[in-house]
Amino acid sequence: MSSSLDDIDLLAGTWGRGVPHDQFDRLRKEAPVYWHPEPADTGFWALTKYDDVKRCSHDWRTFSSERGATFIPTQDEMALESLRLTILNMDPPKHERYRRLVSKGFTPRMIRMLVDDIERRAVRVIDEVCEKGEVEFVEEIAAQVPVQMICEMIGLEKDLWPRMFELSNQLIGSRDDPDYQELPGGPEAGAMEVYMLCDAVAADRRANPRDDIMTALVEAEIDGERLTDPELNLFFITLIVAGNETTRNLINHSLLALVENPDEAQRLRDDPSLWDPAVEEMLRWGSSIHNFRRTATEDTVVRDVEIKEGDKVVLYYASANRDEEAFPDPHTFDVARTPNDHVTFGGGGVHFCLGASLARAEIKATMRQVVDRLPDIELTAEPSRLHSDFVNGIKKMPVRFTPSPRSN
Ligand code: HEM
């Protein structure tokens, strides 16, 4: 192995400084299938090329989500048993049954009902801040629409929404980040509280069905089978983690991209027809999930490199999204980039993100309000980053802008 790769370090400590694009550039060139040691664990294969990320995502038979689950740290059998109750950590046929059931809550009609609401919500979010001139972007702007939509999907009453924001921070950030580890009770207590909130809503919808996602989920039935209560609860935990932080952070990174590339923001103001490609570019650029893991189910080969049965294989989406063989000039943020078949929602196949259309609508509505109504927005301090090798997170990002009147 080339000695120039000795200082490659994709372990948790690296990510608090931002995505290590310099390391990924070298890995794609010099060792696209790279054996990454872990001091207290088995080590893993780091896949950094676009084609490899896609291929492994599609080939669930060889690269299992279930066998060792989808997070990098090796889990004991007891932990695996509970992880395998969530959709991300299932392979077909188990995955197929579960996905078909939960998809009943994500029909195009259900999503349309939500999407109609998103733009109005984004207008209100900016109404709340536009007169202030100085705000904390993450909590007051980026987090708002995604957390509101999750609460809406679960069917929670409005007074519980701020608590849901706290709980979702606790659930996602707790693995590596000291700020969140200090929260009382840790992730387990947070999860229990979410279960209780969801149980209450589920019981209500069984008794009083409505035209909403929770009702669709409690009533979903395939071949006489329904989701059990624990399955339903775990699905909501997955939604909170998968749908909330990801979209919030994508919006954070979109702001950073536009502040660093003011000409691109101006292009959007001059030509609003660019918004659809712009959202895809924001997704490619922001890649809010760093990676998911697979486990090889048999000896196999990727790019002439032998991978042994049982090896951990990690798919690095942010690297695939900057692969020069898939995206010309990949480190340039170009709101008109087409085609733009990024892997931010996964590399395709059975686990492709269930919330992709919802996330796209949330990002577009929020960023459009920011670009059009806060045109001179700028950072007043360096953003503080989440210490996580999983979520590309920004915890705080103070901004200022010229105050402007509310929309009504
Ligand atoms: C920018 C925002 C988002 C990003 C970057 C993102 C990313 C991803 C990725 C990479 C996967 C694939 C996992 C794998 O292959 O192992 C995934 C799956 C999933 N996402 Fe998203 N997601 C986003 C928004 C959402 C939203 C808004 C929801 C729901 C409201 C959601 C729900 C899910 C679910 C349930 C899965 C699991 C699907 C399965 O295993 O079959 N995501 N997401």
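This is a predicted model: local features need pLDDT of at least 70, side-chain atom pairs count only at pLDDT 80 or more; totals for chains, interfaces and linings use all residues.
How far is an oxygen atom of the ligand from an N or O atom in the side chain of His 95?

1. The side chain of His 95 places an N or O atom 2.7 Å from an oxygen atom of the ligand. Arg 99 likewise has a polar side-chain atom 2.7 Å from a ligand oxygen. For Arg 294, the distance between a side-chain N or O atom and an oxygen atom of the ligand is 2.8 Å.

2. Elements around the ligand. Two or more residues of the shell come from each of α5 (94–103), α13 (229–260), β5 (291–296) and α17 (356–373). The greatest contribution is that of α13, which supplies 6 residues.

3. Composition of the shell. The ligand is surrounded by 27 residues, and His 95, Arg 99, Arg 294, His 351 and Cys 353 are the closest. Sorted by class, the shell comprises 16 nonpolar, 9 polar and 2 charged residues.

4. The iron atom. Cys 353 provides, through SG, the single protein donor to the iron atom of the ligand, at 2.3 Å. Cys 353 is located in the loop that runs between α16 (317–320) and α17.

5. Asp 127. This residue belongs to helix α6 (residues 108–129). Asp 127 counts as buried because its relative accessible area is 3%, and the cut-off for that class is under 20%. Leaving aside residues up to four places away in sequence, Asp 127 touches Arg 373, Arg 406, Ser 407 and Asn 408.

Note on methods. Residues are numbered from 1 along each chain as its sequence is written. Side-chain values use heavy atoms; hydrogens and water are left out. A residue is near a molecule or strand if one of its heavy atoms lies within 4 Å of it. A polar contact is a pair of N or O atoms within 3.5 Å; within protein, one must be able to donate a hydrogen and the other to accept it, and residues adjacent in sequence count only if both atoms are side-chain atoms. Helices (H or I, at least four residues) and strands (E, at least two) are DSSP runs, numbered from the N terminus. Ala, Val, Leu, Ile, Met, Phe, Trp, Tyr, Cys and Pro count as nonpolar, Asp, Glu, Lys and Arg as charged, and the others, Gly among them, as polar. Donors are N, O and S atoms within 2.8 Å of the metal (3.2 Å for Na, K and Ca); water is not among the atoms, so sites may look incomplete. Buried means under 20% relative accessible area, exposed over 50%, partly exposed in between (1.4 Å probe, protein chains only). Contact means heavy atoms within 4.5 Å.
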